[in-house]
Amino acid sequence: MAQIRHLYDPSFVPVLGQAAWGGRHLFACRPLIPGEPEAPLVAYGWLDPAGARLVGREEAAARGWADDDLESAAHASLGRRPTPDWRPLWLGVVPALACEGDEHVAAQLLRRAVRVDLQRRLRVPRVALAVPHRGAIVACDAEVAADADLAGLARVGFEAARLAGRGPVSPHLLVLERGELTGVLAPRPAERSEKPARRLTPKISKKGLLILRAACESEEALVEAFGRELPAIARAVLARGGFSGRVKVEVPADAFSPGPNRPMRVAAVEQLFRELAAARGLRSPDGGRVRLRLVVGDQDDVATSHSAVSRVETSVSEVSRSSSTLTRRRRSSLLRKVVASSRVGRRRRSAG
């Protein structure tokens, strides 16, 4: 037979839980911050060796317990427990206060005296609170919470508690002003970033020739697309297999303006593509450089003028002295930018 307990039982406690708690419709509970759908929930129950036996909505109605009765009993229970023992903490260069303990520590935020004391200690008009689980609170000035990455701390702590099944409370920050909890700093939905459309269409022929068809209207757009899309293409080629180490880049005739220097510009871009391929991981099966040919429109001879190509490969300085719009300096600058972005991407992936 279940033991009948009362609100004045010393084991009666408030229990904080996450906003999306599935039992919120079955058990007596309220949001910690009224009107905030992302705010943690406050439920009520009696402590048992196996956890807390929560008060159901029907039980509360049957026993005549109003919300105010449950709240009054919860505050009386918290008053019998030790107040938070705040300790100083540095989050980078941002001073903060933190407390840790059993699963009733975070519930002390229900007490106004505790909230006022915390704000007095920090001496700021607006406090940001991280309450990742029931056993911890971290607080700092809301104006510098972003510098401290307090939101990141809340998310990590919440997710760890959720996976461990140890009383997760909130992945978001709470706001404390004038001794009252006034809001939740939930991140806004990320704006959908428009990714640049793919400009290169890769295909590998039966003989292992990688054909890259480019949809670009200028030399600059062509170089930008090649540098941006080549790493993904290189990974796909490696995973697919069958690549012979030969590459043909097909570009529309409009990509290069007509004129006497057109063969030289085509040759310069072709040489730059070889350098980019080596820098971005596109290699032949033996690990060496790929053999790359740039074809403009339907005329192979425009891109493969022997004199132009030989001048580019034997002396890049001649290209820079020509009237080409893609000088050696610009090619080197573009190459440095592309290689630098590749290194940043690798560092981000390794850090993640």
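Where is the place of S11 in the chain? S11 sits in the segment before β1, a strand that covers residues 12-17. The model is predicted. Its protein chain has 11 helices and 14 strands. Of the 352 residues in the chain, 45% count as buried. Among contacts between residues at least 6 apart in sequence, 66% join residues at least 24 apart.

**S11 and its surroundings**

- S11 has a relative accessibility of 17% and therefore counts as buried, the cut-off being under 20%.
- The C-alpha atoms of S11 and W46 are separated by 5.2 Å, although the two residues are 35 apart along the chain.
- Leaving aside residues up to four places away in sequence, S11 touches R5, G45, W46 and L47.

**Salt bridges**

- A search of the whole structure finds 17 salt bridges.
- In general, side chains of opposite charge can pair when their charged atoms come close.
- One of the salt bridges joins R265 and E219, with an N to O distance of 2.8 Å.
- This pair links distant parts of the chain: R265 belongs to helix α7 (residues 262-279) and E219 to helix α6 (residues 219-240), and the two are 46 residues apart.
- R265 is buried, with a relative accessible area of 7%, and E219 also counts as buried, at 11% relative accessibility.
- E270 and R274 meet through their side chains in another salt bridge, at 3.3 Å from N to O.
- Both E270 and R274 lie in helix α7, four residues apart, which is about one turn of the helix.
- E270 counts as buried at 2% relative accessibility, and R274 counts as buried at 17%.
- Salt bridges with shared partners join R53, E59 and R63 into one network.
- Within that network, the closest N and O atoms of R63 and E59 are 3.4 Å apart.

- H172 is found in the loop between helix α5 (150-164) and strand β9 (173-177).
- At 16% relative accessibility, H172 counts as buried.
- The side chains of H172 and E38 are joined by a polar contact of 3.4 Å.
- Not counting residues up to four places away in sequence, H172 touches E38, L129, A154, V184, L185, A186 and P187.

**The second largest pocket**

- Rolling a probe the size of a water molecule over the atoms shows where empty space is left.
- The second largest pocket has a volume of about 170 Å³.
- Its lining consists of R81, P82, T83, P84, D85, C99, E100, G101, D102, H104, V105 and Q108.
- By residue class, the lining of this pocket divides into four nonpolar, four polar and four charged residues.

How values were computed:
Residues are numbered from 1 along each chain as its sequence is written. This is a predicted model: local features need pLDDT of at least 70, side-chain atom pairs count only at pLDDT 80 or more; totals for chains, interfaces and linings use all residues. Side-chain values use heavy atoms; hydrogens and water are left out. A salt bridge is a side-chain nitrogen of Lys or Arg within 4 Å of a carboxyl oxygen of Asp or Glu. Buried means under 20% relative accessible area, exposed over 50%, partly exposed in between (1.4 Å probe, protein chains only). On a 1 Å grid over the protein atoms alone, a cavity is a set of points where a 1.4 Å probe fits but cannot get out, and a pocket is an open set with protein on both sides within 12 Å along at least five of seven lines; lining residues have an atom within 4 Å of a point. Grid points are joined across faces, edges and corners, and a volume is the space filled by probe spheres set on the points. Ala, Val, Leu, Ile, Met, Phe, Trp, Tyr, Cys and Pro count as nonpolar, Asp, Glu, Lys and Arg as charged, and the others, Gly among them, as polar. A polar contact is a pair of N or O atoms within 3.5 Å; within protein, one must be able to donate a hydrogen and the other to accept it, and residues adjacent in sequence count only if both atoms are side-chain atoms. Contact means heavy atoms within 4.5 Å.
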